[in-house]
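Subject: Structure handover and notes

Hello,

Here is the structure I said I would pass on.

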Amino acid sequence: MNIAQAPVAPLSPELIARFRAIVGDKYAVTEPADVTPYVTEERGLYHGRSPLVLRPGSTAEVSAICKLATEQKIALVPQGGNTGLVGGQTPHQGEVVVSTRRLDKIRDVDPASNTMTCESGVVLQVAQQKAAEVDRLFPLSLGAEGSCTIGGNLSTNAGGTAALAFGVAREMALGLEVVLADGRILNGLSKLKKDNTGYDLRNLFLGAEGTLGIITAATLKLFPKPRAIETAFVGLKSPADALKLLSISQNEAAGSLTSFELLADIAVDFSVRHGIDIRQPLASKHPWFVLMELSSSRADARETLVSILAQGMEQDIVDDAVIA
């Protein structure tokens, strides 16, 4: 849906008026200055163009947009928080942008089933906060969580920092509501974890980046909120040693090992030199570093982390480490 091989023909005033009638005058953006934020990637590396940005406020409006676009053979580019860094959300050929930011309702939070149903324009950080309010965890976490949206996370199959323990975005979605290209609505907002019936249509749209349909809502998995979180920064000699430390960590912590990120010295040095109020976490430099996190429902995360690091030092894998 968001891939065009040739420049898109200009929209006639009549067609713009028909699209405008679907979302209302206030939510059909045509002024170039107002369109600019939707066609420019946040670093300024990708600049697109669009005659029209539509900001629907309901699934029914998204359906009507897709139906009209299909009838008139008009290309659409679905867009969430516009935080992507590869230009996939940018209308490179002058397509119509469909922004899902107004689809921002939390429809249901159900601690009993450990699920939350929210619309695609909900900001990731808001979803995390709503889960925390009922003593639950929505574990997807990434740098843009204050502005990226659930629909974009699912459409790009975002990984995040907790993928080691909880998987990527695909594994956090139980069900989807999707508007297909012709306007039909696929309602698959199931809360059922043990669903072994028929085709798993959900996985067609997760990671498809809007090419098969526009995700308008999702039922997400929630998890018990951890009682203890411990973080360590580790210096070591090589990626091979990092793999050995990972093996020790998985054996000791099992599912409590939430994050395990490998960093080269150049990345840490760059951050220290150019960041604000950033210092080297360790007393000396090392070729490689690991940033690791343990989360536990019991107050034993610190003890487990200390044991992991002690084993790493005994085996000459860990050169130095600090616990936050």
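Predicted model: local features only at pLDDT ≥ 70, side-chain atom pairs only at ≥ 80, totals over all residues.

Helix α1

Helix α1 spans residues 13-23, and its buried residues include Leu 15, Ile 16, Phe 19 and Val 23. These four lie on the same side of α1, because they cover an arc of only 100° around the axis. The spacing follows a general rule: an α-helix has 3.6 residues a turn, so residues three or four places apart point the same way. On the other side of α1, the exposed residues are Pro 13, Glu 14 and Ala 21.

What do the buried residues of α1 pack against? Their partners are β1 (28-29), β2 (53-54) and α3 (59-72). Just after the helix comes Gly 24, with a positive phi of about 95°.

The sheet

An open sheet is formed by 5 strands, with antiparallel pairing, and the order is β5-β6-β10-β8-β9. The edge strands are β5 (106-110) and β9 (185-188); each has a single partner strand, so one side of each has no neighbour in the sheet. On average, neighbouring strands are turned by 15° against each other, direction ignored.

Strand β8 (residues 173-179) runs antiparallel to β9 and is joined to it by 4 bridges. Among the paired residues, Val 179 has Ile 185 in β9 as its bridge partner. Helix α3 packs on this sheet and touches β5, β8, β9 and β10 (214-221). The direction of α3 makes about 50° with that of β8.

Nonpolar cores

The largest nonpolar core has 23 residues. Which of them touch the most other members? They are Phe 138, Ile 150, Leu 154, Leu 176 and Leu 220. Two or more residues of this core come from each of β6 (115-119), α4 (124-133), α5 (150-155), β8 and β10.

Leaving aside neighbours within four places in sequence, the contacts of Leu 220 include Phe 138, Ile 150 and Leu 154. Asn 114, Thr 115, Met 116, Cys 118, Met 172 and Ala 173 are also in contact with Leu 220.

There is a second, separate core of 21 residues, and Ile 16, Leu 52, Leu 68 and Ile 74 are among them. Ile 16 is also one of the buried residues of α1.

Thr 117

Thr 117 sits in strand β6. Is Thr 117 buried or exposed? Thr 117 counts as buried, because its relative accessibility is 8% and the cut-off for buried is under 20%. The side chain of Thr 117 makes a polar contact of 3.2 Å with the side chain of Thr 219. Not counting residues up to four places away in sequence, Thr 117 touches Ile 106, Arg 107, Asp 108, Leu 189, Ala 218 and Thr 219.

Two asparagines with positive phi

Asn 114 is in the loop between β5 and β6. Its phi is near 55°, a positive value in a residue other than glycine. Asn 114 is partly exposed, with a relative accessible area of 21%. As listed above, Asn 114 is also in contact with Leu 220.

Asn 157 is in the loop between α5 and α6 (163-166). Asn 157 is not a glycine either, and its phi is positive, at about 50°.

Regards

Technical notes:
Residues numbered from 1 in each chain as written. Heavy atoms only, no water. Buried < 20%, exposed > 50% of the residue type's maximum accessible area, 1.4 Å probe, protein only. Arc of directions from axis to C-beta. Contact = heavy atoms within 4.5 Å. Pairing = 2+ DSSP bridges. Axes fitted to C-alpha atoms, helices over the stretch in contact; angles between N-to-C directions. Core = buried A, V, L, I, M, F, W, Y, C linked by side-chain atoms within 4.5 Å. Polar contact = N/O pair within 3.5 Å; in protein donor to acceptor, adjacent residues only side chain to side chain.
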